Amino acid sequence: MTNAEIAARLELVADLLEFQGANPFRIRAYRNGARAIHDLAEPVESVLADPERHLTDIQGIGKDLAQKVADLVETGRLAILDELLEEIPESVLAILRVPGLGPKKAAALFRELGIHTLDQLRVACETGQVRTLKGFAAKTEKAILENIDIASEADKRTYWAIADEIVQKLLAHFRECESVERIEAAGSYRRGKETVGDLDFLALADDATAVMDHFAAFPGIGKTLLRGDTKMSIRLEVGIQVDLRVVPAESFGAAMQYFTGSQAHNVVLRGMAKARGLKINEYGVFRGDEQIAGDDEAGVYAALDLPCFPPELREARREFDWAAAGGLPELIELKDLCGDLHCHSTWSDGMNTIEEMAAAAKALGHSYLAITDHSKRVAMAGGLDEDQLLRQWEEIDRINETLKGFRLLKGVEVDILEGGGLDLGDDVLAQGDWIVASVHYGQNQSRERITQRVVEALENPHVCALGHPTGRLLNRRKPYEIDMEAVFRAAADNGKLLELNAHPKRLDLDDLACASAKHYGVPVVISTDAHIIEGLSALRYGVLQARRGGLTKDDVANTRTWPQLKKMIGGKR
Ligand code: DGT
Ligand code: CA
Ligand code: CA
Ligand code: ZN
């Protein structure tokens with residue numbers, strides 16, 4: 001059982017407990033455990049297999065939870081989850097995921113109206129039944145209807161980071177098959193899209209039957225959906241569909257090109273081929289009956305006088321214009337980043353101490369790390385007040401003296417208050433190295449109001465960057481209403497940076513917003529928002545997103561050393 005699968009079950013328990021109105025501490029224990037396991041660098045299974053080690057050594061996992069996880073790994077079952085699911089229909093979970101419907105409201109809908117599926121909920125909203133409940137208004141009904149679509153989508157698309165774990169396992173599995181000469185993942189996964197609908201694999205093999213038999217033996221297959229001579233589709237137990245195509249050598253490159261997509265990119269390509277009297281499909285590029293390319297992908301593009309586009313750019317946005325104008329941007333790479341500018345420690349809601357976070361960041365090869373704990377408004381996360389923050393910064397000064405070739409930055413993620421203004425005074429903020437300002441509350445305010453709050457924050461001389469600028473949570477919460485153009489302009493005018501929060505469930509800025517930031521001349525910082533040392537590895541998800549937005553090393557601020565970066569933000573501070 002993968003860490004992601006274990007974490008998903010624990011999250012499910014937390015969701016169901018919350019739906020039942022259980023003790024918040026109990027719920028939190030499951031959520032913390034899920035996060036700790038999800039972010040763990042090595043499989044829980046190998047910790048369990050080692051007699052010298054204990055699950056309780058992992059921060060965030062207590063004795064009780066450790067036993068449950070051990071049972072889950074051993075038996076594949078979690079007794080408390082089975083019990084909860086006996087009491088609560090599983091379809092209720094989809095309702096919990098409707099943005100704006102907390103577990104309390106979902107519970108009321110279930111108790112009072114017997115609603116336990118999204119379809120029932122839709123009908124109840126449309127027929128005006130929901131507004132008859134206490135605590136629900138006609139306005140709520142309308143909001144629910146709008147959000148049901150997001151919730152139904154949520155069940156269908158998988159976070160890229162989770163998809164990546166599954167892809168790596170499948171690749172390893174396929175490589176064990178003697179008939180497989182080459183195996184690649186294509187589709188939206190290869191393009192680095194933040195969520196993927198299904199996985200698409202291409203195999204080069206002399207014996208298609210043997211490859212498909214081997215595929216069928218992958219542990220964790222829920223159901224075989226289709227099996228033909230060269231194509232097979234299955235659904236994994238975790239829910240995601242996997243397509244496999246076995247492709248001959250002379251067509252492998254053409255198939256890689258075709259099945260990497262995107263569809264929109266392929267449509268443009270087909271048009272360009274046609275204009276030259278050529279035909280392009282998943283088998284190759286053809287002039288009449290003659291195949292002129294197909295065995296390798298670069299050759300396919302070369303046959304149309306095109307560069308082999310990085311998969312992240314294949315969305316039919318600007319890639320063909322760039323190619324026509326003589327060159328693609330040299331996209332940023334993970335190795336270009338030299339520091340991380342958003343993370344949390346035990347001083348607020350992080351799981352590791354400042355020293356631990358520093359050591360982990362240094363081990364990743366970074367030369368600086370900004371500690372940006374929450375400010376006091378975010379009481380739930382143990383946000384710091386002025387005194388606590390100043391004390392933390394003294395502590396950071398002390399720790400910095402012990403570090404060589406690495407620097408901790410005195411930072412904070414200061415809350416942009418609902419009523420406007422920042423949660424901490426200017427006199428304190430002025431003493432920090434790196435101030436991130438973020439919206440956490442009042443996310444349902446009007447577009448004008450939220451935009452105004454954010455623009456004001458960007459006008460504050462001490463703020464360096466805007467954290468998770470649109471507030472979106474993939475599959476969970478839409479971006480708040482905000483005029484991003486006004487945000488870009490305010491950032492540009494005030495010399496501020498915008499964060500690309502690399503957390504795999506945020507990726508906020510998204511790819512399009514990254515491209516816009518560049519357009520407005522606003523540098524982007526790619527930060528992890530890590531709450532645990534393992535979370536510091538999330539930069540790579542942010543890099544993928546930045547690449548999809550066409551960003552280069554130059555466009556991303558934390559490719560600079562700290563002294564360079566300081567100069568960059570220093571002008572206005
Ligand atoms: P997903 O799975 O929804 O995240 O997105 P993709 O892009 O992986 O889409 P998928 O799995 O349906 O198909 C993989 C690629 O195959 C897609 O990016 C382009 C290509 N493809 C699939 N169907 C068509 C089609 O009808 N026309 C064209 N031109 N290309 C297609
Ligand atoms: Ca796909
Ligand atoms: Ca597919
Ligand atoms: Zn935040």
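What follows is a set of questions and answers on the terms used for this model.

User: What should I know before we start?

Analyst: This is a predicted model, in which local features need pLDDT of at least 70, side-chain atom pairs count only at pLDDT 80 or more, and totals for chains, interfaces and linings use all residues. Residues are numbered from 1 along each chain as its sequence is written, chains are lettered from A and ligands numbered from 1 in the order in which they are written, and side-chain values use heavy atoms, with hydrogens and water left out.

User: Why is Asp 15 called buried?

Analyst: Buried means under 20% relative accessible area, exposed over 50%, and partly exposed in between, with a 1.4 Å probe and protein chains only. Asp 15 has a relative accessible area of 11%, so it counts as buried. Its place is in helix H1, residues 3–20. Helices (H or I, at least four residues) and strands (E, at least two) are DSSP runs, numbered from the N terminus.

User: What is Asp 15 in contact with, leaving aside its neighbours within four places in sequence?

Analyst: Contact means heavy atoms within 4.5 Å. On that test, and with neighbours within four places in sequence left aside, Asp 15 is in contact with Arg 31, Leu 93, Leu 96 and Arg 476.

User: How do you know whether Ile 450 is buried or exposed?

Analyst: Its relative accessible area is 0%, so Ile 450 is buried. Ile 450 sits in helix H20, residues 447–459. Not counting residues up to four places away in sequence, Ile 450 touches Gly 442, Gln 443, Gln 445, Tyr 480, Glu 481 and Ile 482.

User: Which residues of helix H12 are buried?

Analyst: H12 spans residues 208–216, and its buried residues are Ala 208, Val 211, Met 212, His 214 and Phe 215. They cover an arc of only 160 degrees around the axis, so they lie on the same side of H12. The arc is that of the directions from the helix axis to the C-beta atoms. An α-helix has 3.6 residues a turn, so residues three or four places apart point the same way. The cover over the buried residues of H12 includes helix H10 (160–175), strand E2 (180–185) and strand E4 (198–205).

User: What makes Asp 207 a cap of H12?

Analyst: A side-chain oxygen of Asp 207 lies 3.2 Å from the backbone nitrogen of Thr 209, at the N-terminal end of H12. A polar contact is a pair of N or O atoms within 3.5 Å; within protein, one must be able to donate a hydrogen and the other to accept it, and residues adjacent in sequence count only if both atoms are side-chain atoms.

User: Which residues come nearest to ligand 1?

Analyst: A residue is near a molecule or strand if one of its heavy atoms lies within 4 Å of it. There are 16 residues around ligand 1, and Arg 157, Ser 188, Arg 191, Gly 197 and Asp 198 come nearest. A polar side-chain atom of Arg 157 lies 2.9 Å from an oxygen atom of ligand 1. For Asp 198, the distance from a polar side-chain atom to a ligand 1 oxygen is 2.8 Å. In the side chain of Asp 200, an N or O atom is 3.1 Å from an oxygen atom of ligand 1.

User: What peptide bond joins Gly 261 and Ser 262?

Analyst: A cis peptide bond joins them, with omega about -5 degrees. Ser 262 lies in the loop between H13 and H14. Asp 508 and Leu 509 are joined by a cis peptide bond too, with omega about 10 degrees. Most residues other than glycine have a negative phi, and most peptide bonds are trans.

User: What is the phi of Asp 305?

Analyst: Asp 305 has a positive phi of about 55 degrees although it is not a glycine. Its relative accessible area is 61%, so Asp 305 is exposed. Asp 529 has a positive phi of about 60 degrees and is not a glycine either. With a relative accessible area of 5%, Asp 529 is buried.
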